[in-house]
Amino acid sequence: MTQTLEILDRLISFDTVSTRSNLDLIAYVEDFLKSRGFAVTRVADPSEPKAGLYASIGPEGAGVMLSAHTDVVPVEGQEWTRDPFRLTSEGNRLFGRGTTDMKGFLASMLAAADRASQAPLREPLKLAISYDEEVGCVGIARMIDALEPAIGLPRACIVGEPTEMRVAVGHKGKQGLRAICHGEAGHSALAPRFTNALHLAADLVTGLRGLQDDLARHGARDADYAVPYSTVHAGVLKGGTVLNIVPDRAELLFEFRHLAADAPANLVARIRALASQIAERHGTAIDLQEVTGYPGLDTAPDAEVTRLTQRLARTQDLTKVAFGTEAGFFDALGIPTVVCGPGSMEGQGHKPDEYLERGQLTACDSMMDALLDELR
């Protein structure tokens with residue numbers, strides 16, 4: 001595991017919080033892979049100083065793809081007792097922002113890439129390295145069209161988000177929306193004469209709560225999830241300027257996370273109908289914008305990619321995860337995909353003093369060795 005730790009130490013040193021550039025890290029990884037004989041395609045973001053990579057080594061063919069993202073969540077507002085951008089080893093724990101989510105997997109992946117460069121492969125090893133996953137899988141959505149022309153579609157993909165090395169075959173999809181509620185400005189002493197934009201927003205929140213209740217009672221269910229139905233969540237409400245002016249504009253940010261059985265287009269249609277009814281009642285308008293989203297994942301427990309990953313990870317454990325990943329984008333291209341990686345999102349990810357247990361990283365390295373044996 002020495003090389004994996006050396007690579008992880010380097011990766012943690014790059015401050016790749018999603019609001020910042022990842023180009024220094026990408027340059028390091030690109031040089032690492034090219035110097036080992038990988039064919040590498042850089043996919044630059046069209047508007048920001050960020051990029052992702054696709055890479056492949058070995059003969060022509062489908063092969064197997066490993067997928068990781070380079071960005072991490074912020075550390076501001078969290079009480080860290082260690083430097084978040086320096087790998088710190090204490091006992092069985094490796095501390096640093098991104099150790100679990102998900103630079104630990106990326107380090108193991110790059111160490112495997114080094115070993116692959118010295119092995120006679122009969123199938124190619126392919127890598128997908130993205131950015132801006134933490135802000136709604138934005139990067140992979142911009143990269144995905146370049147995958148097939150860059151390295152060709154693999155026969156299987158493993159996305160290395162933290163699952164404690166269990167094989168995850170599903171997660172919910174997500175759609176984030178913004179509602180702009182339009183009212184009329186006026187003096188609050190005459191408030192009943194004007195349309196209060198915050199009242200529209202409040203009515204919309206009430207309607208969304210009703211939709212949530214209906215989904216919980218009558219919607220599709222999947223007992224493999226901690227919350228076994230599709231969920232609706234209002235996250236941010238902004239409106240008004242001062243107390244004595246009726247607000248003429250309010251903005252509500254909300255989302256739904258849906259099971260595979262609940263088509264997102266149908267949920268959006270229900271929400272649009274709800275917003276239209278509220279606006280008509282008030283004699284005004286509510287504009288709805290779809291701001292971010294990603295598809296869900298629903299891979300069969302007996303799929304070939306599932307059995308392959310169980311064999312590589314030496315586990316029979318199957319799970320479904322509460323958080324979203326980039327796996328749905330690959331699945332939508334027809335690539336059989338699962339999620340399996342070191343660490344625990346619930347116990348370690350996104351927290352101050354984020355850490356990864358050494359045993360988890362060792363298990364990931366072992367999975368990589370088994371994958372290389374599969375490709376030889």
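The axes of helices α1 and α3 come within 8 Å and cross at roughly 130 degrees, which makes α1 oblique to α3, where oblique is what remains once angles under 35 degrees count as roughly parallel, over 145 as roughly antiparallel and 65 to 115 as roughly perpendicular. Axes here are lines fitted to C-alpha atoms, for helices over the stretch in contact, with angles from 0 to 180 degrees between N-to-C directions. This is a predicted model, in which local features need pLDDT of at least 70 and side-chain atom pairs count only at pLDDT 80 or more, while totals for chains, interfaces and linings use all residues. Residues are numbered from 1 along each chain as its sequence is written, and side-chain values use heavy atoms, with hydrogens and water left out.

**α1 with α3**
- α1 passes α3 in a right-handed crossing, a term for the near helix being turned clockwise from the far one by less than a right angle.
- On the α1 side, Gln3, Thr4, Ile7, Leu8, Leu11 and Ile12 take part, and their partners in α3 include Lys103, Leu106, Leu110 and Asp114, contact meaning heavy atoms within 4.5 Å.
- By class, this contact of α1 with α3 has eight nonpolar, five polar and two charged residues, with Ala, Val, Leu, Ile, Met, Phe, Trp, Tyr, Cys and Pro counted as nonpolar, Asp, Glu, Lys and Arg as charged, and the others, Gly among them, as polar.

**α1 with α10**
- Helix α1 (residues 2-13) packs against helix α10 (residues 358-375) at an angle of about 115 degrees, with the axes 11 Å apart, which makes α1 roughly perpendicular to α10.
- The crossing of α1 past α10 is right-handed.
- Thr4, Leu5 and Leu8 of α1 meet Arg358, Leu361 and Asp365 of α10, and the residues of this contact comprise three nonpolar, one polar and two charged.

**α3 with α10**
- Helix α3 (residues 99-116) and α10 have axes that come within 9 Å and cross at roughly 35 degrees.
- α3 passes α10 in a right-handed crossing, and the contact includes Phe105, Met109 and Arg115 of α3 together with Leu361, Met368 and Leu372 of α10.
- The residues of the contact between α3 and α10 divide into nine nonpolar, two polar and three charged.

**α10 itself**
- α10 has 18 residues and reaches 26 Å from its first C-alpha to its last, close to the 26 Å expected at 1.5 Å a residue.
- Among the buried residues of α10 are Leu361, Cys364, Asp365, Met368 and Leu372, buried meaning under 20% relative accessible area with a 1.4 Å probe and protein chains only.

Key
Helix = DSSP H or I, 4+ residues; strand = E, 2+ residues; numbered from the N terminus. Expected span 1.5 Å × (residues − 1). Buried < 20%, exposed > 50% of the residue type's maximum accessible area, 1.4 Å probe, protein only.
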